[in-house]
Amino acid sequence: MIIPDESDPCWIKAISGDKIPNYEMLATKILLGRLSLLYEMEPSADTAKKCAAELRAFFVWNKDLPKAQADLEKISGKAVQK
Amino acid sequence: MKKVLFTKDEVIKLITAGKKLILASDEKNLVDLPTGNWIAGTIPYFMGESGGVSSHDLIFVTEIPDFALEFEVKVYDESNIHHVYEDCPRHGYSVIVIPASCDTHFTFALKAPGFSGFATRPLIGWIAGVDLNDEKNTPKIFDGTHRRILDNGAVVMHITLPTNKLAEIDIVNIFEQGDGDTITFPEDGFKATNVMINGQTKNFADYLLENTVDTRLLLVTNLYGAMINTSFKSMDFAKKEVTFYAPVFAGLRYKIAKPVDDYSVSFMKDVPAGEGENVYFACNCILNFLYAGLEGKKTGKFTGPITFGEIAYQLMNQTLAYLTIQDI
């Protein structure tokens, strides 16, 4: 699975995005919920960087889970090579 | 359906046979079990093989599957519970039990979403309790590997699975946000006085009274599609204070839940039918047991303790939490 690097805008778009796709994994949902709250309370470049890193790390950790792969496709907007 | 409620003598045989077990029962049934590969928490309510049941004599047994490669039991308290996600195995899952209303419970409830590794690894479990009419005993947890009994702390069994097995957690929640006011809280906590209602400051107890809110309903926040509940515990109109069974978090947007016509019917409708064989742990909330009248009723194919709080990565409320393991 190819995971976009931390600088890819897809991460912060997911954290601050207006459109929320139907994510499949409970963990994706509650982690995004926490990160979006952090970013909303302090919308700085530093917060964005930290949140993007944490979200990316989540997908690195869960790269073998089919539902995580499906959620990553929704975030990156690209088909994920498995 | 697989047997899950056992007598104490049967559980002793399982322990001496070296089985790895997560146990739930009254304290008197757990207190003198032999040392072995088990952890436990107190609770006398269960989703048994024949339906919802309360028992002061039987022990609910969740057996760790034989294909698990390794297990480790760790005990935490409020000073080191922040390591719990980091300690979860790379491939596997962890089961946690915490006694209700202890310092570790409050620390975990309030702080877990900020702990390192939060939500990256499957952590599931429950908050131990006692019979609702029991005013003498307090909730306890047990580390069976050292025969330790604690009324504050968290006992966790970290279980390593083969790399071709994947554990995953999900929840069943019959509640969704209603169409009413948006409620936000100025700080994290198990109680609230003044809150923001659609951006205007208002005492929350006054708001609930004026709007004749049915407090069997609850607060629901929507985390990217996951509906997370916070149930009302009490209202003190003299202090103008509302207390909750789980914390509210500053900044999250809550709404009073949409009314549920028939708890039991709604609950059964939302329980996934096909998951039975792959479910390796489940627990359900005591409030669902009471409000949905689950005594004597099966909860789909789910069995497990009925608890004072459910943990699915973080503390949940009035929710059924379950863990599945699949081959990849």
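1. Two residues are taken to be in contact if their C-beta atoms, placed from the backbone, lie within 7 Å. On that basis B:Leu23, once its neighbours within four places in sequence are left aside, is in contact with B:Val11, B:Leu30, B:Trp38, B:Ala40, B:Ile59, B:Phe60 and B:Val61.

2. This is a predicted model, in which local features need pLDDT of at least 70 and side-chain atom pairs count only at pLDDT 80 or more, while totals for chains, interfaces and linings use all residues. Residues are numbered from 1 along each chain as its sequence is written, and chains are lettered from A and ligands numbered from 1 in the order in which they are written.

3. Chain A has 4 helices and 0 strands, giving the pattern α-α-α-α along the sequence; helices (H or I, at least four residues) and strands (E, at least two) are DSSP runs, numbered from the N terminus. Its radius of gyration, taken over C-alpha atoms, is 12 Å, close to the 12 Å that the globule rule gives for 82 residues, so chain A is as compact as a globular protein of that length; the rule itself is 2.2 Å times the number of residues to the power 0.38. Along the principal axes, the C-alpha atoms of chain A fill a box of roughly 35 × 20 × 20 Å.

4. Of the 82 residues in chain A, 39% are buried, where buried means that 20 or more other C-beta atoms lie within 10 Å of the residue's own, exposed means 12 or fewer, and partly exposed lies in between, with C-beta atoms placed from the backbone. Among the contacts in chain A with a separation of 6 or more, 64% are made by residues 24 or more positions apart.

5. At least three residues of the core come from each of domain 1 (5-171 + 265-327) and domain 2 (183-256) of chain B.

6. Those two domains make up the division of chain B, with bounds that come from an automatic or database domain assignment. Their centres, taken over C-alpha atoms, are separated by 27 Å, and the contact takes 10 residues from domain 1 and 10 residues from domain 2 of chain B.

7. An open sheet of 6 strands in chain B has the order 7-12-8-9-24-25 with mixed pairing, two strands being paired if DSSP finds at least two bridges between them. Strand 7 (70-76) and strand 25 (314-316) of chain B are the edge strands, each pairing on one side only. Strand 7 runs antiparallel to strand 12 (residues 154-160) of chain B and is joined to it by 7 bridges, and B:Phe71 stands opposite B:Ile159 in strand 12.

8. Strand 26 (residues 320-327) of chain B is mostly covered, with 6 of its 8 residues buried. Strand 13 (residues 165-172) of chain B runs antiparallel to strand 26 and is joined to it by 8 bridges, with B:Glu168 opposite B:Thr324. Strand 22 (residues 279-285) of chain B also pairs with strand 26 in the antiparallel sense, over 4 bridges, and here B:Cys283 stands opposite B:Ala321.
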